[in-house]
Amino acid sequence: MTVIIAGGGIAGLSLALSLHQIGVPCRVYEQVRALKPLGVGINVQPHAVRELFELGLADEMEAVGVRTREVAYYSKRGNLIWSEPRGMFAGYSWPQYSTHRGKLQMMLFDAVLKRLGPDSIVTEAAVTGFRETPGGVEVSLANGATAQGTMLVAADGIHSAVRRQLYPNEGAPRWGGAVLWRGTTVAKPYLTGATMAMAGHEWQKFVTYPISQPDPQTGEALINWIGELKYEPGAGWNREDWNRKGDFADFLPSFEYWRFPWLDCPALMKAGGECYEYPMVDRDPLERWTFGRVTLAGDAAHPMYPIGSNGASQAIMDARFIARAILDHGLTGDALMAYEAERRPATTRIILANRGNGPDQVMQTVEERCAGAFGDISEVLSREELEQTAAGYKKIAGFDVGTLNARPPLVPAGARVAV
Ligand SMILES: Cc1cc2nc3c(=O)[nH]c(=O)nc-3n(C[C@H](O)[C@H](O)[C@H](O)COP(=O)(O)OP(=O)(O)OC[C@H]3O[C@@H](n4cnc5c(N)ncnc54)[C@H](O)[C@@H]3O)c2cc1C
């Protein structure tokens, strides 16, 4: 009756906790020998925070995250285009958190160990493929072993081995021309102290937000930052690897004059000392995720550009919808089909919206209309245009405030599957 989960990232661990909540046994097979807190900043939007809270992880989330107070968009000259409150400051019943991806993953990992026990995660166990059996699914592992289960959820990330088996001709992820240099710096928080700030436009962008509470002694916090440059298609870049070290010489000179009254961007980046380089990639939306008792989740199903801060949130939502579907349909292929029917169209819309810059499109419009120079933003963009862009993206990404606050829980407290 065990559900096999390939991958112990945000999607896989959230799914393990969700299945445990409804009384379904599962086991996670993770390729690395030991999970380490890798990555830099990431955001968890209120719809996904709600799910973590309903998993009983409110205190744990509070301990690893910063409640994002506002999001603010600036032109490349540092002029304010648009700002809006976030999370509970915007009327949601749940906060938005800015956090460190590795801390979020380790928080989920610790909760899995505590609730499901150490046998629930098998490490050094890269899934290489699967085959259907009369009673379910058998997965093969790189070490030559096999594992049997009732169903398989592939949450093995953007280079998913299971997706590759299902779509052998798909090839590498699709690069849209942008490269991100990501890092963190211990520094004094700027603006509200918990602002996610973005400056620039489609071809050159700077993003920053604090991901730790300020130190009571020094007032300094860990500040996440991203310098982003876009190249002409065909320029070519290194293959995506979350842990590839970057070179400041490749991007810092382009930001030399981005010294704003509210933040000295190049100084912040330089003070970080090291950075990671990542080409902005996604994959084309698939027409099908579920094949019998096998389905895809998280980045394995719908890798998207990191625009609009949605990758981790959507991975958590997948986990919750799978649990919901199993509650409704039992441990069956129908449950996986029901999950896909909800989630595939929803995430396809986000992949496509992110290719069109998502909510960041306001910065590109300002660049095109006035090269970022204006006195008052109303000279360049009407309030309606600004509001429509922000509200439209929230609807697409599933975190419209009214809808989210009003809907009942996806996984009702105490609901269990008879297995
Ligand atoms: C090391 C790392 C660092 C990251 N850093 C950032 C960041 O700084 N900012 C950001 O926005 N996003 C980052 N991401 C991506 C982000 O976590 C995801 O976009 C999002 O959270 C969706 O999560 P996921 O669980 O679907 O995928 P992931 O978080 O990528 O998790 C996939 C998991 O599956 C494991 N895995 C892969 N292949 C196999 C296999 N064949 N068998 C078994 N296990 C396998 C991986 O080791 C990983 O633990 C990072 C991902 C990784 C793996």
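Colleague: Why is Val139 called buried?

Modeller: A residue is buried if 20 or more other C-beta atoms, placed from the backbone, lie within 10 Å of its own; it is exposed at 12 or fewer, and partly exposed in between. Val139 has 23 within 10 Å, so Val139 is buried. This is a predicted model, where local features need pLDDT of at least 70, side-chain atom pairs count only at pLDDT 80 or more, and totals for chains, interfaces and linings use all residues. Residues are numbered from 1 along each chain as its sequence is written.

Colleague: Which residues does Val139 touch?

Modeller: Contact requires C-beta atoms, placed from the backbone, within 7 Å. Not counting residues up to four places away in sequence, Val139 touches Ile4, Ala6, Tyr29, Val127, Phe130, Thr146, Ala147 and Leu152. Ala6 is 133 residues apart from Val139 along the chain, and their C-alpha atoms are separated by 9.1 Å.

Colleague: Where is the place of Val139?

Modeller: Val139 is in strand E10 (residues 136-141). Strands (E, at least two residues) and helices (H or I, at least four) are DSSP runs, numbered from the N terminus.

Colleague: What makes E10 and E11 a pair?

Modeller: Two strands pair if DSSP finds at least two bridges between them. E10 and E11 have four bridges, in the antiparallel sense. Val139 stands opposite Ala147 in E11. The open sheet has three strands, in the order E9-E10-E11, with antiparallel pairing. Strand E9 (127-133) and strand E11 (146-149) are the edge strands, and each pairs on one side only. From one strand to the next, the twist averages 20°.

Colleague: Why is one side of E3 and of E4 left without a neighbour in the sheet?

Modeller: An open sheet of three strands has the order E3-E7-E4, and its pairing is antiparallel. Strand E3 (41-44) and strand E4 (65-67) stand at its edges with a single partner strand each, so one side of each has no neighbour there. The twist averages 25° from one strand to the next. Helix H4 (residues 101-116) packs on this sheet and touches E3 and E7; its direction makes about 90° with that of E7. Such angles run from 0 to 180 degrees between N-to-C directions, with axes fitted to C-alpha atoms, for helices over the stretch in contact.

Colleague: What makes strand E15 (residues 204-210) mostly covered?

Modeller: Six of its seven residues are buried. E15 also pairs with strand E14 (residues 195-201), antiparallel, over five bridges. Two residues lie between E14 and E15 in their hairpin. Seven bridges join E15 to strand E16 (residues 221-230), again antiparallel.

Colleague: How do you know the span of H8 is close to that expected?

Modeller: The expected span is 1.5 Å times one less than the number of residues. Helix H8 (residues 333-355) has 23 residues, and 33 Å is expected. H8 reaches 32 Å from its first C-alpha to its last, close to that value.

Colleague: Where does H8 bend?

Modeller: H8 bends by about 30° at Glu340. The bend is the angle between axes fitted to the seven residues ending at a residue and the seven starting there. Glu340 is also one of the buried residues of H8. What covers those buried residues includes helix H7 (311-329) and helix H10 (383-397).

How values were computed
Contact = placed C-beta atoms within 7 Å.
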